[in-house]
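Reader: Please show me the model, and then let us go through it in questions and answers.

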Amino acid sequence: QVQLVESGGGLVQPGGSLTLSCKASGFSSSGFVMSWYRQAPGKERELIANISRGGAVTRYADSVKGRFFFYRDNEKNSVILQMDNLKPEDTAVYYCHGDRVWGVDLWGQGTQVTVSS
C-alpha cells in the first residue's frame, strides 16, 4: 500500500538543528507534489513548505523561510526537511504529505519536534 513515514524528530535546544525525513513506499515520491505541515498544541495544522514534482521549485512559509530547507532524495524515495536555527515556536508535530497519491491526499503519522532550553 502507499505510505509515508516520518522520522528524525526529537528534543533540541534553541538555535540547534534537526533533520526530518519522510520515506515513501508504494509509489515514487518524485512524481508528486510533496509538502511538510506542522501542528502545535491548540493550533490548526500549518503548511510550512512544499516542493514541485522533480524538485525544481520549493516554497516556504514566512515563519520558516531562511531557516528550513526542503529537498528530495529520490535515490531513497524520500523528502528531507533540514531545520536550522530552531526556535521554541517551532515546537509541533510535523507531518509529511503527498498530493493525490492514487487519487488520495496521503499523510504520514507525524513526528514530534520539541525546541526547549
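Author: V113 counts as buried, at 0% relative accessibility; buried means under 20% relative accessible area, exposed over 50% and partly exposed in between, with a 1.4 Å probe and protein chains only. This is a predicted model, in which local features need pLDDT of at least 70 and side-chain atom pairs count only at pLDDT 80 or more, while totals for chains, interfaces and linings use all residues. Residues are numbered from 1 along each chain as its sequence is written, and side-chain values use heavy atoms, with hydrogens and water left out.

Reader: In which strand is the place of V113?

Author: Strands here are DSSP runs (E, at least two residues), and helices are runs of H or I with at least four residues, numbered from the N terminus. The covered face of the strand at residues 111-115 holds T111, V113 and V115, and the uncovered face holds Q112 and T114. In a regular strand the side chains alternate between the two faces of the sheet. The strand that holds V113 is β11.

Reader: What is the bridge partner of Y94 in β11?

Author: Strand β9 covers residues 92-101 and pairs with β11 in the antiparallel sense, over 3 bridges. Within β11, the partner of Y94 is T111.

Reader: What separates the C-alpha atoms of V113 and L11?

Author: Contact means heavy atoms within 4.5 Å. Leaving aside neighbours within four places in sequence, V113 is in contact with G9, G10, L18, L20, M83, D90, T91, A92 and Y94. V113 and L11 are 102 residues apart along the chain, and their C-alpha atoms are separated by 6.2 Å.

Reader: What is the order of the open sheet of 4 strands, and which are its edge strands?

Author: The pairing in this open sheet is antiparallel, and the order is β1-β3-β8-β7. A strand at the edge pairs on one side only, and the two that do so are β1 (3-7) and β7 (68-73).

Reader: Which residue of β8 is the bridge partner of R72?

Author: β7 and strand β8 (residues 78-83) pair over 6 bridges in the antiparallel sense. The β8 partner of R72 is V79.

**The whole chain**

Reader: How many helices and strands are there, and what is the radius of gyration?

Author: The protein has 0 helices and 11 strands. The globule rule, 2.2 Å times the number of residues to the power 0.38, is set against a radius of gyration taken over C-alpha atoms. For 117 residues the rule gives 13 Å and the protein is close to that value, so it is as compact as a globular protein of that length, with a radius of gyration of 13 Å.

Reader: What share of the contacts with a separation of 6 or more comes from residues 24 or more positions apart?

Author: Of the 117 residues, 39% are buried. The C-alpha trace spans about 40 × 25 × 20 Å along its principal axes. Among contacts with a separation of 6 or more, the share from residues 24 or more positions apart is 53%.

**Aromatic rings and positive phi**

Reader: Why is the pair of F27 and F32 edge-to-face?

Author: Rings of Phe, Tyr and Trp (its six-membered ring) pair if their centres lie within 6.5 Å; planes under 30 degrees apart count as stacked, over 60 as edge-to-face and the rest as tilted. The structure holds 4 aromatic pairs. In the pair of F27 and F32 the ring centres are 5.5 Å apart and the planes lie at 85°, so the pair is edge-to-face.

Reader: Is F27 buried or exposed?

Author: F32 has a relative accessible area of 22% and is partly exposed. F27 is at 10% relative accessibility and therefore counts as buried.

Reader: What phi does W102 have?

Author: W102 is in the loop between β9 and β10 (104-107). At 70% relative accessibility, W102 counts as exposed. W102 is not a glycine, yet its phi is positive, at about 55°.

Conventions
Two strands pair if DSSP finds at least two bridges between them.
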